[in-house]
Amino acid sequence: MPETFGPAFKDRDRPLLSYGLPFTESLVKHVDDVFHASRIYIICSKSLAKNTHYLADLTHALGSKVAGVRIGMKPHSLWSEILEIVKDTKKCDADLIVTLGAGSLTDAAKIVSYALANDVSAHHELDSLCPTSSHRRHGIKPSKVPVACIPTSLSGGEYSSFASATNDKTGQKHSFSEALEGPTLVILDPQLTITTPDKVWLSTGIKAVDHCVETLCSLESDDAADEDARNGLAKLIPGLIKSKQNPKDLEARLQCQLGTRDAMSACTRGVPLGASHGIGHQLNPAGVGHGETSCILNPAVCKYNYQKGANVERQNAIIRTLWEDPKAREIFDQKGLDRETADLGDLMDAIIRTLGLPRSLREFGISEEKLTDIAEHSLKDRWVNTNPAPLDKEGVLRILRMVLE
């Protein structure tokens, strides 16, 4: 397949997107013509480094330009590990950071570049870059070292100019945004993603679906974002179902990747998302995977908003779209859903269950006793505060109890 190369989004210059070539060939090419880089720092997932030849392929292709390699990070981008990488990249004077792996590495790389630009080396200094920090510094500088991402999941963070990471001293997940810049280049290689565990691939795909659904559910969306989100759903729903049926279907996997791009085009337009994302951020430190939060929360949040009458017309439009998809309709028929009575939460539940993904907090050992803390942390999240139906602590607890069992 010849390379397709250019801006990922039709109305924005960055990030650039490459697909059609093996990832090593694409990166070697663009290291020279896009970045002119000579000191490359690679952050690679531990499983890829340990169980496959892909990291060895990459370092061999880049040769003497590799200045450093970090193998593995714990989930949810811990501040302590981010600061370790800041120290390493500063030591080797990296002029390009490359990630080979899933979403936690992507967010970490973005925050590392941001930290380097602002001379951050300690927890309290990283805290000063958070928008919600009581010690927020003035004169924050934009990200410094460019980032190139080779994603193996469908989380989509490689397309955005914000990132989340967990303060391991407090257990709270924080978002970073102002002056933080997104990756310059994204390289898609569906062959590489076959190494991704099915659970990760499919659950992060539902995260991308959640980007589309919460965009289309938002009362502050616009025509351009809605079009992107509909395009994303049209690729993601059949692509995920086909990936489940045949994990080696490379065309289905590429369609999932391109659907994730469309989903991120929608939600990087500034449309505020809702409680599925906002509460989900606080489930991450409790042990729920990035994509799995959407598997658990999206149907419940859809039902809560619908019952509150917050976005009924917009949800009904998504229902019509899903019923028109042949692959989705096949699932709904198999589950015995009625087109006239099934709500959006019912349809999303059917899709998620068909993919064999988790649907309750109990599956992660989260009990009633932990819900109050999760709810209180959630109320500090910007997307809980932009949920179509206004949420207080009791509202968040109601959603959490809907998914407890």
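These are my notebook entries on a predicted model of a protein.

**Ground rules**

I number residues from 1 along each chain as its sequence is written, and my side-chain values use heavy atoms, with hydrogens and water left out. As the model is predicted, local features need pLDDT of at least 70 and side-chain atom pairs count only at pLDDT 80 or more, while totals for chains, interfaces and linings use all residues.

**Entry 1: the whole protein**

I began with the secondary structure and found 17 helices and 9 strands. Helices here are DSSP runs of H or I with at least four residues, strands are runs of E with at least two, and both are numbered from the N terminus.

Next I looked up the radius of gyration: at 20 Å it is close to the 22 Å that the globule rule gives for 405 residues, so the protein is as compact as a globular protein of that length. That radius is taken over C-alpha atoms, and the rule is 2.2 Å times the number of residues to the power 0.38. Along the principal axes, the C-alpha atoms fill a box of roughly 60 × 50 × 40 Å.

I then checked burial, and 58% of the 405 residues count as buried. My cut-offs are under 20% relative accessible area for buried, over 50% for exposed, and partly exposed in between (1.4 Å probe, protein chains only).

Of the contacts with a separation of 6 or more, 75% are between residues 24 or more positions apart. A contact means heavy atoms within 4.5 Å.

The accessible surface comes to about 16100 Å², and carbon and sulfur atoms hold 49% of it. I use Shrake-Rupley areas with a 1.4 Å probe; for residues, only the protein chains shown count as cover.

For charges, I noted 47 positive and 53 negative side chains, with the centres of the two sets 3 Å apart. Lys and Arg count as positive, Asp and Glu as negative, and His and the chain ends are not counted. Each charge is placed at NZ of Lys, CZ of Arg, CG of Asp or CD of Glu.

Most residues other than glycine have a negative phi, and most peptide bonds are trans. I went looking for departures from that.

Arg14 and Pro15 are joined by a cis peptide bond, with omega about 0°. Pro15 sits in the loop between β1 (4-7) and β2 (16-19).

His36 is not a glycine, yet its phi is positive at about 50°. I found His36 in the loop between α1 (23-35) and β3 (40-44), and with a relative accessible area of 63% it is exposed.

Ala179 also has a positive phi, about 70°, without being a glycine. Its place is the loop between β8 (172-176) and β9 (185-188), and at 25% relative accessibility Ala179 counts as partly exposed.

Which residues does Ser243 touch, leaving aside its neighbours within four places in sequence? I listed Trp201, Leu202, Ala252, Arg253 and Cys256. Ser243 belongs to helix α9 (residues 223-245) and is buried, at 2% relative accessibility. Its side chain reaches the backbone oxygen of Gly239 at 2.9 Å.

Ser276 is in helix α11 (residues 275-283), and its relative accessible area is 0%, so I filed it as buried. Beyond four places in sequence, Ser276 touches Asp210, Glu214, Ser294, Leu297, Asn298 and Val301. A polar atom of the Ser276 side chain lies 3.5 Å from the backbone nitrogen of Asn298.

**Entry 2: His211**

I placed His211 in helix α8 (residues 198-217), where it counts as buried at 6% relative accessibility.

**Entry 3: Ser367**

A polar contact of 2.7 Å joins its side chain to that of Glu369. For that term I take a pair of N or O atoms within 3.5 Å; within protein, one must be able to donate a hydrogen and the other to accept it, and residues adjacent in sequence count only if both atoms are side-chain atoms. Setting aside residues up to four places away, Ser367 touches Arg362 and Leu404.
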